[in-house]
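Here is a short briefing to read with the model open beside you.

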Amino acid sequence: MNPINERILQFITEHHVLTLAVTNQDRPWCASCFYVYLPERNLFVFTSDPDTQHIQDVIQSRNYHVAGTIALETKITGKIRGIQFSGPMREIRGEELRSGKKAYYEKFPIARLSRLYLWGIEPGF
């Protein structure tokens, strides 16, 4: 893996919502997801119930290559910032699940109140 630009890493850590884009049978779908980024694994970790439209679309289409964005919300044109990425998505399991949950709970303690289904995206920037 090539080192990720420091400005990109800084931007990722300053935000917490990504927009996930998927397709199924030539029908696009987007979802907003809270995320935590694990730089040592180059992995966005987010939670989403397996019954949601976006997760079902990925599973049914078997198209695990997804796209996403993270954007700074502003009305000032000169301050618009964001990143776009794509990469493989997968369900988080095993040891990665334990470390993913730990990181997710640290960033979003309220998540302890619900069942977590963790997914990961390995972005290519």
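Is Phe44 buried or exposed? Phe44 counts as buried, because its relative accessibility is 0%; buried means under 20% relative accessible area, exposed over 50% and partly exposed in between, with a 1.4 Å probe and protein chains only. Please keep in mind that this is a predicted model, where local features need pLDDT of at least 70, side-chain atom pairs count only at pLDDT 80 or more, and totals for chains, interfaces and linings use all residues. Residues are numbered from 1 along each chain as its sequence is written, and side-chain values use heavy atoms, with hydrogens and water left out.

**Nonpolar cores**

- The largest nonpolar core holds 22 residues, and those with the most contacts inside it are Leu20, Phe44, Phe46, Ile70 and Met89. Such a core is a set of buried Ala, Val, Leu, Ile, Met, Phe, Trp, Tyr and Cys residues joined through side-chain atoms within 4.5 Å.
- At least two residues of this core come from each of several elements, including helix 1 (6–14), strand 1 (17–24), helix 2 (53–61) and strand 5 (82–91). Helices (H or I, at least four residues) and strands (E, at least two) are DSSP runs, numbered from the N terminus.
- Strand 2 gives the most to this core, with four residues.
- A second, separate core has twelve residues, among them Val45, Ala103, Tyr104 and Leu116.
- As background, nonpolar side chains tend to be buried together in soluble globular proteins.
- Leaving aside neighbours within four places in sequence, Phe44 has contacts (heavy atoms within 4.5 Å) that include Ile12, Leu18, Ile70, Trp119 and Phe125.

**Aromatic rings**

- Five aromatic pairs turn up in a search of the whole structure. Rings of Phe, Tyr and Trp (its six-membered ring) pair if their centres lie within 6.5 Å; planes under 30 degrees apart count as stacked, over 60 as edge-to-face and the rest as tilted.
- Tyr37 and Phe44 make a tilted pair, at 5.0 Å centre to centre with 55° between the planes. Tyr37 counts as buried, at 9% relative accessibility.
- Tyr104 and Phe108 have ring centres 4.9 Å apart and planes at 45°, so this pair is tilted. Tyr104 is buried at 4% relative accessible area, and Phe108 is buried at 13%.
- One aromatic cluster is formed by Tyr35, Tyr37, Phe44 and Phe85.
- Lys107 lies over the face of Tyr35, 5.1 Å from the ring centre. For a charge to sit over a ring, NZ of Lys or CZ of Arg must be within 6 Å of the ring centre and within 35 degrees of the ring normal.

**Helix 3 and helix 2**

- Helix 3 has buried residues Glu96, Gly100, Ala103, Tyr104 and Tyr105. Their cover includes strand 2, strand 3, strand 5 and strand 6.
- Asp57 is found in helix 2 and counts as buried, at 1% relative accessibility.
- Not counting residues up to four places away in sequence, Asp57 touches Val22, Thr23, Asn24, Arg27 and Trp29.

**Strand 6 and its partners**

- From strand 6, Leu118 and Gly120 point one way and Trp119 and Ile121 the other way, and all are buried.
- Strand 3 and strand 6 pair in the antiparallel sense over four bridges; two strands pair if DSSP finds at least two bridges between them. Phe46 stands opposite Trp119 in strand 6.
- Strand 5 and strand 6 also pair in the antiparallel sense, over three bridges, and Arg90 stands opposite Gly120 in strand 6.
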